[in-house]
Amino acid sequence: MKHSTKRDLILKLFKDRSLLTANDVINKLPQIDKVTIYRNLTLLTSLGILREVNIKKGISSFELNIEGDYHQHFICKNCEKVIPVDVDIKKLKKILPKEISFSNIELNLSGKCRDCK
């Protein structure tokens with residue numbers, strides 16, 4: 001992958017482990033045109049640097065794809081807050097049927113957060 005100042009700016013947004021939609025990135029980086037942002041999100045996802053997460057129906061979110069980090073997401077149905085949930089991969093492997101092998105996990109839990117209970 002060639003070095004790109006615009007790509008570096010996009011990646012910098014994710015360094016704090018943010019979960020962002022393409023529109024979030026567009027709003028945070030108004031100096032970069034939409035097509036460039038979409039193209040770079042697609043490239044970074046295809047290279048495995050970002051991972052695509054489906055929190056809301058029809059809207060992709062993106063976050064850094066960190067090896068060994070299997071956290072998933074809890075979405076509050078009331079306030080729509082997204083809370084990361086750590087997944088113990090060893091425990092997960094123990095409960096899955098022995099004949100399957102997985103390479104990706106996408107698990108979204110929903111309900112009400114502590115503030116909305």
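Isoleucine 10 sits in helix α1, which covers residues 5–14. Keep in mind that this is a predicted model. With a relative accessibility of 0%, isoleucine 10 counts as buried. Leaving aside residues up to four places away in sequence, its contacts are Val25, Leu29, Ile32, Ile37, Asn40, Leu41 and Leu44. Histidine 73 is another matter: 63 residues separate it from isoleucine 10 in sequence, and the C-alpha atoms are 22 Å apart in space.

Now for the chain as a whole. Four helices and six strands make up its secondary structure, and along the sequence they run α-β-α-α-β-β-β-β-α-β. Taken along the principal axes, the C-alpha atoms fill a box of roughly 45 × 40 × 25 Å. Of the 117 residues, 33% are buried. If you take contacts between residues at least 6 apart in sequence, 49% of them join residues at least 24 apart. The accessible surface is about 8,400 Å², with 51% of that belonging to carbon and sulfur atoms.

On to charge. There are 22 positive and 14 negative side chains, and the centres of the two sets lie 1 Å apart. Side chains of opposite charge can pair when their charged atoms come close. A search of the whole structure turns up four salt bridges, and the table shows some of them.

| Acidic residue | Basic residue | N to O distance |
| Glutamate 63 | Arginine 51 | 2.5 Å |
| Glutamate 80 | Lysine 56 | 3.3 Å |
| Aspartate 115 | Lysine 81 | 2.9 Å |

Take the salt bridge between glutamate 63 and arginine 51 to begin with. Glutamate 63 is in strand β3 (residues 59–64) and arginine 51 in strand β2 (residues 50–56), so the pair ties together parts 12 residues apart in sequence. Both glutamate 63 and arginine 51 are buried.

Next comes the salt bridge of glutamate 80 with lysine 56. This pair links distant parts of the chain, 24 residues apart: glutamate 80 is in the loop between β4 (72–76) and β5 (82–85), and lysine 56 is in strand β2. Glutamate 80 is partly exposed at 47% relative accessible area, and lysine 56 is partly exposed at 40%.

Then there's aspartate 115, in a salt bridge with lysine 81. Here the two are 34 residues apart, with aspartate 115 in the segment after β6 (108–111) and lysine 81 in the loop between β4 and β5. Aspartate 115 is exposed at 62% relative accessibility, while lysine 81 is partly exposed at 34%.

Finally, Lys90, Lys91, Lys94 and Lys98 form a positive surface patch. Lysine 90 belongs to helix α4 (residues 89–95) and is exposed, with a relative accessible area of 65%.

Conventions. Residues numbered from 1 in each chain as written. Predicted model: local features only at pLDDT ≥ 70, side-chain atom pairs only at ≥ 80, totals over all residues. Heavy atoms only, no water. Patch = residues over 30% accessible without salt bridge, like charges linked within 9 Å, V, L, I, M, F, W, Y side chains within 5 Å. Areas by Shrake-Rupley, 256 points an atom, 1.4 Å probe, with all protein chains shown as cover. Salt bridge = Lys/Arg side-chain N within 4 Å of Asp/Glu carboxyl O. Lys, Arg positive; Asp, Glu negative; His and termini not counted. Charge placed at Lys NZ, Arg CZ, Asp CG, Glu CD. Buried < 20%, exposed > 50% of the residue type's maximum accessible area, 1.4 Å probe, protein only. Contact = heavy atoms within 4.5 Å.
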